[in-house]
Each structure stands twice: as C-alpha cells, then as structure tokens.
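Subject: Handover of a structure and notes on it

Dear colleague,

Please find below the structure that I am handing over to you.

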Amino acid sequence: MNAIDGLSLGFSHAFSLGNLGWALLGCFLGTAVGVLPGIGPALTIALLLPITYQVSATGAFILFCGVFYGAMYGGSTTSILLNTPGESGSIITALEGAKMARNGRAGPALATSAVGSFVAGVVGTLGIAFLGPVVVDFALVLGPAEYFSLMLLCFVTVSAVLGGSPLRGLTSLFFGLSLGLVGIDLQTGQPRMTFGLPELFDGVNVVLVAVALFAVAEALHMAWNHVDGKVQVLPVGRLWLSRTDLKRSFWPWIRGAGLGFPFGVMPAGGTEMPTMLSYYAEKKLVAPEYAHEFGTTGAIEGVAGPEAANNAAAAGILVPMLTLGLPTSATAAIMLSAFQSYGIQPGPLLFQTQADLVWTLIASLFIANVMLVVLNLPLVGLWVKILKIPTPQLYAGILVFATIGTYGISNSVTDLLLLYGIGIIGMFMRRFDFPVAPVIIGMILGPMAEQALRQAMTISEGDWTTFVTRPGSLIILILAALALFGPRLYALATRRRRTAATASVDS
Amino acid sequence: MNRRTVLAATALAPFAGSLGLRDAAAQARFANMNMFIPAGPGGGWDGLGRAIEQVARHAGLVGNFQFENVGGAGGIVGLPRFVSQRRGRGDALMVSGSIMVGAVLSNRSPVSLANVTPIARMTQEVGVVVVPAQSDIQDIAGLLAAFRANPGGTSVAGGSAGGTDHITLGLILRALGRNAREGSYVAFAGGGPAQAAILGAQVKAGISGYSEFAEQIRAGRMRALATTGATRSDPNIPTLKESGVDVVIANWRGVFGAPGINANQKAALTSFITDLVALPAWREMMETRGWDNAFLAGAEFERFLAADISATESVLKELGLA
C-alpha cells in the first residue's frame with residue numbers, strides 16, 4: 001500500500017465519532033501533563049495502559065498518540081512562563097522563552113511555540129507517512145562512532161551560550177559534565193560518584209537540574225536582592241504574533257522541523273540534540289538587527305527553532321517504532337508494550353500485518369495536531385495572566401511548582417535536597433555571572449558522548465582512527481569543524497575584505 | 001526521560017479505574033494487596049505485576065491492588081524501600097528476577113534478595129544469540145569459531161553490563177575455554193538502540209531475550225543462531241547445549257514477600273500464587289504475552305535462587321564486575 005492510499009484509508013477510519021473523541025481526550029490529557037511538571041507522556045501512557053483491556057486497539061493508540069503530541073505542545077508553556085522546563089526537550093526553549101516573558105513578550109513566545117509545534121508536527125507526521133521506511137534504513141547506518149561525532153557537533157552549541165567569559169562558561173560546562181557522570185556506568189555496571197546512596201544510582205535527572213538552575217536559582221537570587229519591598233508586576237504586552245514576529249519565526253520553524261525529524265528517527269537520537277543544534281543555528285543565522293536580543297531580552301528565533309525541533313523529533317521517534325518495532329524512547333517502549341497486550345507483535349512487518357491500525361494512527365496524528373493548535377492558541381491568553389501575579393508571589397509559586405514537580409519525578413526526598421542544593425549553587429552562579437546553560441548541555445551530552453565513545457572503541461578494538469575512517473563519522477566531524485570555525489573565518493574574511501576595500505579607496 | 005518513577009498519579013488513577021475492571025463477587029483471599037514494582041511502569045516486571053492483578057481480580061482472589069513503582073538500577077533502588085516499608089506485612093508482594101540478582105552483586109548492594117521472602121518463580125524467557133542478516137556467519141558453529149579465534153574482534157551487543165545478556169556471553173566464552181573478560185561486549189541502554197546496532201551491522205552479533213528479537217528474526221533482518229534454554233524454543237533454532245556449549249540460562253521473573261512475615265503469611269501468599277498459576281485465565285495470559293511458564297515455589301524455588309546467585313556471582317567475579 002502506498003502512502004496516499006494508506007492515508008485515505010486511515011482518515012476514513014479516524015473520522016469516526018469515537019476515534020475523534022479519543023483523539024480529543026488524548027490531546028487534552030497530553031496538554032495537561034505537558035504543563036504539569038514531573039508527569040511526562042511516558043508515565044501518563046503507562047497509567048492509561050489498563051484501558052487496553054477494555055478499548056479497541058485503534059482507540060487506545062489514538063489516545064496514546066494524542067497524549068504524546070499534547071505533552072510536546074504543553075511542555076513549552078512552563079518553560080516560557082515560569083522558566084521551569086517539564087522535560088528535557090523543552091529545556092533549550094526556556095533559554096530565550098523565559099527571557100521574552102520577563103520582557104513583556106510572553107504572548108508571542110507562547111504563540112510562536114504553539115504554531116511552531118503545529119508546523120513541526122505536520123512536517124514530522126508527513127515524514128512518518130512518506131519517508132519513514134527510507135530514513136530509518138539510513139539511520140541504521142549510523143553506529144556509535146557516528147553518534148560520538150554527532151555529539152561533538154552538538155558540543156559546538158556550547159559556544160553560543162558561553163556568555164562573556166569563556167573561563168566561566170567552561171567552568172559551568174565541566175560542572176555539568178561531572179554531574180552527568182553520577183550513577184551506574186552502562187558499560188561496566190559499576191556505580192560512580194554516588195557516595196553509596198542508592199538514590200543516585202540512576203544518576204541525577206537532567207530536568208531536575210534544569211529546574212534547579214533556572215527556576216529555583218532565579219527565585220532565590222531574586223529573594224536575595226529584592227529588599228526594597230516594592231511590588232512589581234511583569235509587563236504582559238501583546239498576545240499574538242506581530243507581522244515581524246511571524247516573519248522572524250517562519251524560517252526557524254522550518255529549519256527546526258527539518259533538523260528535528262531526522263534526529264528523532266535515529267535510534268540513539270532523541271529530542272535534546274536537535275533543540276541544541278537549532279538554537280545554535282538560529283543564533284548564528286539571526287538578522288544582525290536582532291542579534292542583540294539573544295541572551296538579553298529574548299529572541300523569538302531562539303524559541304521558534306528549538307520548539308519546532310523538539311516536536312519534529314517527537315514525531316520522528318515514532319518512525320523506528322512503527323517501521324521496525326524499535327523502542328527508542330521511554331514513551332515508545334510503553335506504547336510497544338501496549339501493542340503486545342493486544343497480542344500484536346510490533347516489528348518490521350507491522351505496516352503490512354496491521355495496515356489499518358498503523359494508517360489510522362498516522363491519520364490521527366494529523367487530526368491531533370489540528371486539535372492541539374486549536375486548543376492551545378486560545379490558552380495563550382489565559383496562561384499569560386499568570387504573569388500578572390506580583391513578582392514575590394509569582395516566584396513563591398514557581399518554587400512550589402518546582403518542588404511538587406520534582407517530588408513527582410521519583411517521590412524521593414533526596415531529589416528535593418538535590419533540587420535546593422543545586423538551586424543554591426545556581427544562585428551563586430547567577431551572582432558571580434556564571435552562565436547556567438552550559439551546565440545543562442554538558443549534562444545531557446556528556447554521558448551520551450562518553451557511552452558512544454566507549455561503544456565505538458570496544459567495536460574498533462581500541463582503534464581511534466575509526467572516527468575518521470568511517471565516512472559518516474568523518475563527514476560529521478568536518479561539519480563540526482565548520483560550525484565551530486566557519487562563522488569566525490567568515491567574519492575574519494569579511495573584515496579583511498572591508499579593510500582591503502577601505503585601503504584601496506584610501507590609496 | 002522518566003527513569004525512576006512514581007506512584008500511580010492520583011489524578012489519573014480514578015480514570016483508569018472507572019473504565020471498570022470487573023470485580024468478581026467471590027470472597028477474596030486478600031481484600032487488598034500491595035504490589036511493589038522495583039522498576040518503572042511499562043517494563044517486564046511491571047508487566048508481570050499487572051498481569052497478576054488482572055487475572056487475580058477477575059477470579060476474585062484479591063479485592064483490590066495497590067501498585068507502587070520505584071525504578072532504577074536493576075531494582076536495587078526500590079528494594080531497600082520495600083524492605084523497610086513492608087516489614088512483617090502479609091499482604092505485600094514484590095516482583096523481581098534475574099536482573100536484580102545481578103544488580104545486587106555488581107553494585108555490592110547492602111540490601112539483597114536475602115532480605116525478602118522468596119515466594120515463587122513464575123515466568124522465564126530464554127535468550128537468543130543472533131547475527132545481522134548480512135553477516136558472513138551462517139550458524140552457531142561459525143560464531144563459536146570466531147569467539148575461539150578472536151573474542152576481542154567479535155563484538156556482541158546487548159543490554160546493560162552485568163545483566164543477563166552479558167552473563168550469557170561470559171558463560172559461552174568460559175565454556176569455550178576462554179576467559180569471560182576477553183569478550184568484546186557493547187552495552188546499550190534499552191532494547192531499541194541495541195537492536196538498531198545489530199540491524200545496522202555495527203556489531204558482529206547480539207544477545208537478548210528471545211521475544212525482543214523474535215519479530216526481527218521472523219522478518220529476516222536478524223539470523224538466529226541459538227537459544228539459551230534447556231530445550232528448543234523454536235524447532236528450527238538449536239540450543240547452545242546441543243551445539244556443544246554447556247550453557248543454559250534464562251531471564252526469570254517471580255514474586256517475593258516482605259521480610260519478617262510468619263509461616264502462615266508466607267503459606268497464604270504461596271497458595272495464592274499457586275492457585276493463580278493454575279487458572280486457565282493465567283495460561284491464556286501467558287500465551288498472549290509470549291511468556292514461558294517457569295512456576296517453582298517453596299523450598300525448590302529457594303534452592304534454585306541460591307544456585308542462581310552463586311552462578312551469577314562467579315561469572316561477574318570473572319568479568320571483574322563483582
């Protein structure tokens with residue numbers, strides 16, 4: 001069956017009243033869990049698993065996909081408004097999004113992320129329908145060596161968030177890398193830097209660290225400095241995108257979606273890497289007149305790009321699940337176990353043996369996307385009202401929210417101690433002007449890069465040349481070098497040309 | 001994402017409940033049962049726990065189940081919590097299995113399975129040794145020859161280090177007269193990335209639970225060379241044992257009671273599980289899930305557990321992981 005026939009079959013099934021109802025319920029639940037910290041789509045779907053005993057397979061999967069997409073939409077809301085990312089894919093969105101909100105641009109930030117999610121969701125779902133089997137075969141060519149090179153490429157992103165002092169920025173990066181080492185090492189099964197605490201065996205949760213460094217640190221820092229007793233209210237400003245905003249968002253959406261989808265398809269890809277790369281790309285490609293907004297008042301490109309990348313990657317994650325039966329994320333793993341409780345064995349033959357189910361699911365993803373953007377855009381007006389709360393109460397609320405959310409991740413008091421411990425470190429980092437974003441990037445990329453490096457070295461029997469003799473890896477390394485030095489060489493070249501030009505005019 | 005996890009979030013639990021899992025009218029053996037899963041929702045242990053719930057509630061053996069999931073590190077994050085919170089409680093069960101045996105050893109966990117009360121082994125899954133479809137290696141003899149000649153150059157993908165897959169490789173190498181440590185084992189986080197590495201021929205071979213690879217084998221994307229059970233799981237795939245390698249290993253799952261329960265409480269739990277396993281609904285459940293029955297209770301299970309722990313320990317010691 002080709003994709004067009006499949007989709008028309010899928011839509012004919014999906015447009016039943018019952019299935020539309022499941023999609024709506026899923027979108028609603030998903031948006032809610034996306035906004036609530038601590039509860040992610042994987043957990044929600046796991047809690048909904050018992051319905052597989054009662055509901056038809058099609059209905060259940062439409063519900064699950066609605067939850068999955070909805071959580072991706074909702075995840076950016078708290079990142080932008082409260083600087084409290086709910087999941088790892090929306091951490092980068094918080095960098096510019098929270099700054100926009102602090103400067104009276106919460107409305108456009110939320111709107112660009114909702115529309116960007118829609119654009120990326122549609123691009124990603126088209127990708128699933130038309131490119132799925134092709135890209136997945138390409139993704140299988142990538143081995144640990146290529147993944148390591150990809151992570152080196154992503155490390156280039158750090159240079160975009162280092163701030164004024166490279167020494168301080170790199171200190172932050174190494175703090176993040178060491179936090180990433182905590183836990184049981186995958187390649188040897190031995191605990192590292194856990195101080196004998198079983199609660200640390202699984203490592204420190206990256207969302208916890210992001211919430212601690214972004215939200216808790218900001219609140220504590222505010223409390224430290226806020227001594228004049230003045231009650232401020234943050235400006236809210238306009239709600240919808242202006243024509244300029246739209247123009248500035250358009251290409252970041254497209255680029256973000258284009259970056260996100262292939263990373264989602266990669267079995268060891270995920271949503272974090274493309275958001276970082278998108279952020280870096282947008283910072284380098286932004287029109288010169290807006291460049292100063294990055295890291296100061298918040299640039300809309302830095303919200304539009306990463307948010308689109310996050311959503312397109314989420315769509316991409318469904319590709320290895322549907323085409324090969326590979327669970328490449330926690331959510332996909334739980335969906336696969338749901339397939340099994342229907343007696344459906346997910347595998348490479350799923351598209352043939354369960355064509356009805358698969359195409360109905362894909363059609364529902366399109367429907368869910370439309371529902372979500374319709375559901376989320378009116379909510380923007382409601383969400384920004386949160387910012388009308390006076391600053392002290394707002395920050396107190398953020399602390400409560402962050403605390404509940406962190407406890408929700410694991411019900412562990414150790415995690416709360418970590419949240420506030422790292423929050424206090426973050427407060428001092430703010431006080432002494434250390435950037436916090438490199439900590440997060442180091443923490444996400446460090447462990448992934450370490451494992452990929454060691455896997456590649458085990459396979460090559462300790463031969464370091466594997467990274468340059470494998471063509472895929474070499475190409476990515478060259479890209480990394482270009483991304484790091486390209487902008488500088490380009491700037492140098494234009495300056496030379498300009499000096500040469502002025503010199504020739506002078507003579 | 002969610003690595004350690006959570007109690008049933010109260011906001012969603014009533015929703016799932018209202019979909020009406022029928023309560024049978026028969027008098028229940030236990031009005032309430034606390035089911036402790038030392039892993040996140042959606043995995044193998046969680047699956048076994050929820051299958052027990054489904055069958056027991058339909059049959060009216062148990063009135064109500066309460067689940068607690070505390071995941072992480074092969075179950076040893078949750079184990080101490082079960083031991084301290086449920087001591088002496090006769091209405092609590094914990095799902096566990098081979099993975100925890102290995103995790104306790106390789107992390108030198110102060111709390112071990114000796115601190116809980118063994119009730120029964122319930123299911124098991126044999127492993128399978130595969131190569132990518134495009135590999136030159138055609139049969140198990142070919143792979144064994146490669147292991148004999150150059151174990152370091154024959155990379156094998158599987159789950160986390162020290163787990164069942166890794167131990168299987170260690171046992172094979174040892175049976176071939178080589179040291180378990182010479183193997184070139186590439187650990188991947190979770191089944192997805194490991195399968196991708198095998199499908200893409202990034203590694204020479206792979207070892208995992210049979211069900212995890214079954215669909216890839218059926219679709220011809222992986223070639224199954226041997227299974228690790230005592231007898232054939234698939235009539236066309238030989239076992240390691242009949243191929244001249246004396247290795248029989250399976251990933252088992254079972255249930256344990258709380259520490260410090262008395263003989264009566266233990267007997268009640270054992271007879272509950274024994275009766276549950278005898279139900280036709282349970283056999284049906286095992287069939288849909290593709291699980292092998294491995295029911296073993298009482299003193300026999302305790303003997304099996306002791307033997308499993310010492311065998312695992314000796315391999316992990318040789319691998320330098322315990």
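This is a predicted model: local features need pLDDT of at least 70, side-chain atom pairs count only at pLDDT 80 or more; totals for chains, interfaces and linings use all residues.

I begin with chain B. Chain B contains 11 helices and 10 strands. Of its 322 residues, 58% are buried. If one takes the contacts in chain B between residues at least 6 apart in sequence, 79% of them join residues at least 24 apart.

Where chain A and chain B meet, 61 residues of chain A are in contact with 54 residues of chain B. The area buried between the two chains is about 5,200 Å², and carbon and sulfur atoms give 60% of that area. Three residues, A:L47, A:Y53 and A:D202, supply 12% of the area that chain A buries against chain B, which is more than any other three residues.

The polar side of this interface can also be described. There are 9 residue pairs in polar contact across it. The count of salt bridges between chain A and chain B is 1, and in it the side chains of B:R221 and A:D137 meet at 3.6 Å, N to O. Several elements of chain A give two or more residues to the side that touches chain B, among them helix 2 (17-35), helix 7 (132-140), helix 15 (330-341) and helix 20 (437-459). Helix 3 of chain A contributes the largest share of that side, with 7 residues.

**Helix 18 of chain A**

The buried residues of helix 18 of chain A are A:T391, A:L394, A:Y395, A:I398, A:A402, A:G405, A:T406, A:I409 and A:S410. They lie on the same side of helix 18 of chain A, because they cover an arc of only 110° around the axis. The cover over these buried residues includes helix 4 (57-82), helix 5 (91-102), helix 11 (206-225) and helix 19 (413-431) of chain A, together with helix 3 (78-85) of chain B. Just after helix 18 of chain A, A:N411 takes a positive phi of about 55°.

**Two loop residues in chain A**

A:P390 is found in the loop between helix 17 (355-384) and helix 18 of chain A. Its relative accessible area is 25%, so A:P390 is partly exposed.

A:T84 lies in the loop between helix 4 and helix 5 of chain A. Why does A:T84 count as buried? The reason is its relative accessibility of 1%, since buried means under 20%. The side chain of A:T84 reaches the backbone oxygen of A:L82 at 2.9 Å. Leaving aside residues up to four places away in sequence, A:T84 touches A:T78, A:S79, A:V211, A:A215, A:I398 and A:F401.

**Salt bridges**

Over all chains, the count comes to 22 salt bridges.

- A:R470 forms a salt bridge with A:E146, with the closest N and O atoms 2.8 Å apart. This pair links distant parts of the chain: A:R470 is in the loop between helix 21 (466-469) and helix 22 (471-506) of chain A, A:E146 is in helix 8 (residues 144-155) of chain A, and the two are 324 residues apart. A:R470 is partly exposed at 26%, whereas A:E146 counts as buried at 4% relative accessibility.
- The side chains of A:R454 and A:D185 meet in a salt bridge at 2.8 Å, N to O. A:R454 lies in helix 20 of chain A and A:D185 in the loop between strand 1 (183-184) and strand 2 (191-192) of chain A, so the pair ties together parts that are 269 residues apart in sequence. A:R454 counts as partly exposed at 24% relative accessibility, and A:D185 as buried at 3%.
- A:E293 forms a salt bridge with A:R248, the closest N and O atoms being 3.0 Å apart. A:E293 counts as buried at 13% relative accessibility, and A:R248 counts as buried at 10%.

Finally, a network of salt bridges links A:D185, A:R192, A:E450 and A:R454.

Yours sincerely,

A colleague

Methods:
Residues are numbered from 1 along each chain as its sequence is written. Chains are lettered from A and ligands numbered from 1 in the order in which they are written. Side-chain values use heavy atoms; hydrogens and water are left out. Buried means under 20% relative accessible area, exposed over 50%, partly exposed in between (1.4 Å probe, protein chains only). Helices (H or I, at least four residues) and strands (E, at least two) are DSSP runs, numbered from the N terminus. The arc is that of the directions from the helix axis to the C-beta atoms. Contact means heavy atoms within 4.5 Å. Buried area is the accessible area (1.4 Å probe) that two parts lose on being put together, summed over both. A salt bridge is a side-chain nitrogen of Lys or Arg within 4 Å of a carboxyl oxygen of Asp or Glu. A polar contact is a pair of N or O atoms within 3.5 Å; within protein, one must be able to donate a hydrogen and the other to accept it, and residues adjacent in sequence count only if both atoms are side-chain atoms.
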